[in-house]
Amino acid sequence: MSSQSVEPEECLRALADEAVRQAEGGALVLHCTLGVRAAANAFVALGLIPEQLADKVLFDYQESLQSRSLGTAWGLTEGELPARSGAADVWAAHATGPSPLASVPTAMAPAGISFPATISGLRADLRFEWVKLAEGQWRISFRASADDPGGQPDRPSVVMREALGLLRVTDDTGHRYRPRVEGVTWERVGTGRQEWRGDLVADARPATPAGDADAGPAAPPDWLEITSHESGTTERVTLTTSARPGRPPAVATAVTRWAHPAEGYLDLLARVGMVKVGWTEIEAAKTAEIVAMVADCLLAVGALPVDSPVLRELPPASAAWRIALAARWARRAHLGATSGAGQGGHQILLTSLPLEHATVVIESVSAAGGLVGVALHATPWVAETPWPLIAPSLAVHATDAAGGAYEGILEGFAPARAGAEAAGTFWLWPPVPDSVTAIDVTVATLWEAATATITLPARERDGAETSGR
């Protein structure tokens with residue numbers, strides 16, 4: 001940090017004072033607050049200021065708003081923004097170093113099965129994607145879609161419990177499981193469609209057989225069957241051959257693309273286009289202004305050098321369409337799996353990367369035609385809070401032997417039940433040519449990176465394209 005830099009607390013207080021003046025002038029409190037919160041969380045996530053001090057600045061900011069009779073503190077601690085973003089959790093976890101990942105599966109298999117269903121009174125397509133054994137539970141991930149009638153939706157967890165209550169799960173021993181629904185999320189996808197995601201969860205250890213108290217738990221099943229009482233159909237997922245990881249890829253440490261952590265933070269933050277906070281749309285112009293505030297503050301405190309290439313490169317086009325494309329790719333790929341193309345399109349790896357201040361496991365790589373996705377489990381990884389309270393903790397890019405370069409676009413993020421652990425899939429952009437059989441995948445935090453050389457699974461382009469029509 002240069003001798004001319006401003007102290008982080010002084011910078012935040014100046015930004016907060018400016019936001020109060022803007023709110024007094026009639027600006028939306030939510031818009032004013034987003035810039036202050038974005039800068040505060042950048043400072044905390046990068047270890048430039050303790051969370052307690054940042055919280056004190058935000059508390060004083062809220063007091064200033066309330067003392068001016070603006071009528072609401074909307075956008076700070078009420079309504080649309082949470083009281084904490086998780087930024088301190090990320091910094092503390094990086095400072096502590098690697099920690100165990102409780103939710104990493106010990107065995108898994110692609111499901112690739114689907115059922116017609118009725119969700120919230122609408123005809124829907126229900127697809128099961130993966131079966132994973134983790135923490136003594138079978139977790140069967142699902143993705144369901146239906147027409148969107150508009151308006152505010154019913155509670156996602158309630159409607160999915162009702163829909164999945166018509167399913168029965170059994171195994172090759174005849175044991176009937178008692179599944180429950182967890183981690184349900186909902187979003188509008190495309191024009192006129194909505195989508196739910198989550199897990200159907202069942203305890204993996206059946207009860208001891210009656211009359212044989214010493215028999216112990218049953219052996220792992222060879223397959224699971226899911227029966228829909230609504231459609232009257234049954235589908236089976238084989239576990240014995242595909243539920244084990246393949247040959248582990250070669251891994252090594254790597255160099256991040258950012259000379260300074262603040263560059264990486266700003267780079268990831270600036271890739272977001274139009275965003276939504278709570279139920280409020282934040283237009284692209286306001287998003288760009290918030291990124292500019294964060295950049296200005298990082299420059300002011302000396303964390304971002306004035307000759308940084310992040311500042312000198314032309315601003316990238318909005319990433320919003322690429323994010324939407326990643327979601328469409330994911331749906332296409334999983335539709336391909338249900339049509340038969342996906343069984344050869346998954347490589348289960350469960351491989352740890354050599355990082356000193358984070359824990360990352362490459363769970364699997366999936367491929368359907370040119371669509372290649374890399375699924376990760378990691379900690380710290382806090383990305384579920386509304387943007388721009390925290391930038392994604394991880395970035396993924398890949399290269400091939402011919403010099404082709406690919407960026408990872410995050411889709412399908414799912415936080416763990418506790419802590420800063422999460423899982424998600426990065427789809428590679430641009431599409432990977434059929435001639436590419438192996439890629440070097442680099443996973444980077446703001447401070448370090450590691451690379452894995454991955455052989456791509458067999459790809460059946462025709463099946464995937466047919467299923468995506």
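Reader: Where does Pro 380 lie?

Author: Pro 380 is in the loop between β14 and β15. This is a predicted model.

Reader: And the peptide bond from Thr 379 to Pro 380, cis or trans?

Author: That bond, Thr 379 to Pro 380, is cis, with omega near 0°. Most peptide bonds are trans.

Reader: What about the bond from Trp 429 to Pro 430?

Author: Cis, with omega near 0°. Pro 430 sits in the loop between β17 and β18.

Reader: Is Trp 381 buried or exposed?

Author: Buried, because its relative accessible area is 1% and the cut-off for buried is under 20%. Phe 426 is buried too, at 3%.

Reader: How many aromatic pairs come out in total?

Author: The count is 4 aromatic pairs. One of them joins Trp 91 and Trp 447, with ring centres 5.8 Å apart.

Reader: Why is the Trp 91 and Trp 447 pair called tilted?

Author: The planes of Trp 91 and Trp 447 are at 50°, so the pair is tilted. Stacked needs planes under 30 degrees apart, and edge-to-face needs over 60.

Reader: Where do Trp 91 and Trp 447 sit?

Author: Trp 91 is in helix α4 (residues 87–96). Trp 447 is in the loop between β18 (438–444) and β19 (449–455). The pair therefore ties together parts that are 356 residues apart in sequence.

Reader: And the accessibility of Trp 91?

Author: Trp 91 has 34% relative accessibility, so it counts as partly exposed. Trp 447 is partly exposed as well, at 31%.

Reader: Which residues form an aromatic cluster?

Author: Phe 115, Phe 128 and Phe 142 form one.

Reader: What sits over the ring of Trp 223?

Author: The charged end of Arg 236, 3.7 Å from the ring centre.

Reader: Where is Ser 120 found?

Author: In the loop between β1 (107–119) and β2 (122–134). Ser 120 is partly exposed, with a relative accessible area of 36%.

Reader: What about phi of Leu 350?

Author: Leu 350 is not a glycine, yet its phi is positive, about 50°. Leu 350 is placed in strand β12 (residues 346–352).

Reader: Now the overall numbers. How many helices and strands?

Author: The protein chain has 10 helices and 19 strands. It has 469 residues, and 50% of them count as buried.

Reader: What share of the contacts join residues at least 24 apart?

Author: 67%, among contacts between residues at least 6 apart in sequence.

Reader: And the accessible surface of the protein chain?

Author: About 21,300 Å². Carbon and sulfur atoms account for 52% of that surface.

How values were computed
Residues numbered from 1 in each chain as written. Predicted model: local features only at pLDDT ≥ 70, side-chain atom pairs only at ≥ 80, totals over all residues. Heavy atoms only, no water. Phe/Tyr/Trp six-rings, centres within 6.5 Å; stacked < 30°, edge-to-face > 60°. Helix = DSSP H or I, 4+ residues; strand = E, 2+ residues; numbered from the N terminus. Buried < 20%, exposed > 50% of the residue type's maximum accessible area, 1.4 Å probe, protein only. Lys NZ or Arg CZ within 6 Å of the ring centre and 35° of its normal. Contact = heavy atoms within 4.5 Å. Areas by Shrake-Rupley, 256 points an atom, 1.4 Å probe, with all protein chains shown as cover.
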